[in-house]
Amino acid sequence: MAQAAIYGPVAAHVAFVMELTLVPLLLPSMRSQFGLSLGELAWVFNSYSVAVAVGVLVGGLFGDAFKTTRVFGCGVFAFLTGSILLAASINTEMLIVGRIFQGFGAGVFSPLVPVLLTRNAPEKPGRILILWGSLAGYVAAFAPLVYSGILGVGNWNLAFGFIAAIAALALLFHVSAPTADEPEELQTETPEYFAIFRARHLWLTLAYVFFTYGAITYFLFRLPLWLSETGAETTIIGFMLSTLWLTFSALSALLRNKVDQDHVQTIMLAAPLLIAAGLLLSYSENTFLLMGSTILVGAGLACSNAPSTQLILRHAPKGLSAISASLDITLARLGGIIAVVSLAGTGVSVAGPVICACCFAAAICTVTVFRLPTNHT
């Protein structure tokens, strides 16, 4: 593997995860500064996800039809532009425009990250994916602590400036050390896009992603707001979110040698159980139980993230790896959008059973995909 070729994609993914890590922590101060209702805040939060859902389809289609590295670079540039706009936002409109630009750029480049990484590590694709995820997770885990402990409440603009700096570094790495691309003969072939509709293994795994990521996104949206409303300090909220990401990173590292073996089904089945238990614990007012909820959800994310991505790339039809990775992110974000919009104003009596039902559906998808004969993919 040419190590220099992975720096750009890894740095870009760090910036991508920074958004996921920091924005939930920034929500209370953004809500206070712009005087947003809970419903309005949910749409500011979701405007990024909607743009991602559009961007990943563009990135996937162009990534399979054109030169992958060029499409990746364009996506990182758009993400960088949006991050700069967010850092300079002075009103709600500018904030939403920045979120849309940032989300669209993330959508374009993010599905190409695992494609580029696995292309440079064909012998151990699962290992490079999980090392990539754990490294980005370790870096992102400390972002809430830095923000809450040093920058403090009201400095959310600086957090987006930090994300912009990481994106700029990723673009510099990418331009100076281009990632190895697909063979020329593959670039001249027209992908058979209809083949993706016949890939039953792929769609079952995508459904798994939809349900698990929807539950995780709702947790990330709800926990900081609930803690803020109960008077928790920003440092406490940051510590809780950092615990989630540190758990995700640590467990991802421990699982790195398991995902290329016969343990993928067990790992993926553990995820929805951990996520459901974590979300139910988050309704407690006990600090230790709340900490336990972040650990459980972080563990669930680790068990679902790299294994499901690996399975999607494994069952992607020939020549459609980029669009398959795009669908991975599209379904993940769509699950998050629906979960946040539909459950934002509900209590445990509604959200609890809905999230548990989603996790049960994810478990059924896992069992089914491993029982189907592979020649039907």
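Analyst: Helix α1 spans residues 7-34 and has a kink of about 45° at Leu26. The bend comes shortly before a proline, Pro28. This is a predicted model, and what follows is computed from it.

Most of α1 is covered, with 23 of its 28 residues buried. For the protein as a whole, 57% of the 377 residues count as buried. After α1 comes Gly35, which has a positive phi, near 60°.

One partner of α1 is helix α4, residues 92-109. The two pack at an angle of about 160°, and their axes lie 12 Å apart. Because an angle over 145 degrees counts as roughly antiparallel, α1 is roughly antiparallel to α4. The crossing of α1 with α4 is left-handed. On the α1 side the contact is made by Ala12, His13, Phe16, Glu19, Val23, Met30 and Phe34. These residues meet Thr92, Leu95, Arg99, Gln102, Ala106 and Phe109 of α4. Sorted by type, the residues of this contact are eight nonpolar, three polar and two charged. The spacing of such positions can be read against a general rule: an α-helix has 3.6 residues a turn, so residues three or four places apart point the same way.

Ala143, in helix α7 (residues 143-151), touches Met18 and Leu22 once residues up to four places away in sequence are set aside. With a relative accessibility of 6%, Ala143 is buried, because the cut-off for buried is under 20%. The C-alpha atom of Ala143 is 9.9 Å from that of Trp245, although 102 residues separate the two along the chain.

Helix α3 (residues 68-87) packs against helix α5 (residues 112-119) at an angle of about 140°, with 10 Å between their axes. That angle makes α3 oblique to α5. The crossing of α3 and α5 is left-handed. Thr68, Thr69, Val71 and Phe72 supply the α3 side of the contact, while Leu112, Val113, Leu116 and Arg119 supply the α5 side. Five of the residues in the contact of α3 with α5 are nonpolar, two are polar and one is charged.

Asn46 sits in helix α2, residues 38-65, and is buried at 0% relative accessibility. Apart from residues up to four places away in sequence, Asn46 touches Gly336, Ile337, Val340 and Val341. Ser282 lies in the loop between α12 (264-281) and α13 (287-314). Ser282 also has a relative accessible area of 0% and is buried. Leaving out neighbours within four places in sequence, Ser282 is in contact with Phe219, Arg222, Leu290 and Ser293.

As for the whole, the protein has 15 helices and zero strands. Of its contacts between residues at least 6 apart in sequence, 84% join residues at least 24 apart.

Terms used
Residues numbered from 1 in each chain as written. Predicted model: local features only at pLDDT ≥ 70, side-chain atom pairs only at ≥ 80, totals over all residues. Heavy atoms only, no water. Axes fitted to C-alpha atoms, helices over the stretch in contact; angles between N-to-C directions. Helix = DSSP H or I, 4+ residues; strand = E, 2+ residues; numbered from the N terminus. Parallel < 35°, antiparallel > 145°, perpendicular 65-115°, else oblique. Left-handed = near helix turned anticlockwise from the far one by under 90°. Contact = heavy atoms within 4.5 Å. Nonpolar A, V, L, I, M, F, W, Y, C, P; charged D, E, K, R; others polar. Bend = angle between axes of the 7 residues up to and from the residue. Buried < 20%, exposed > 50% of the residue type's maximum accessible area, 1.4 Å probe, protein only.
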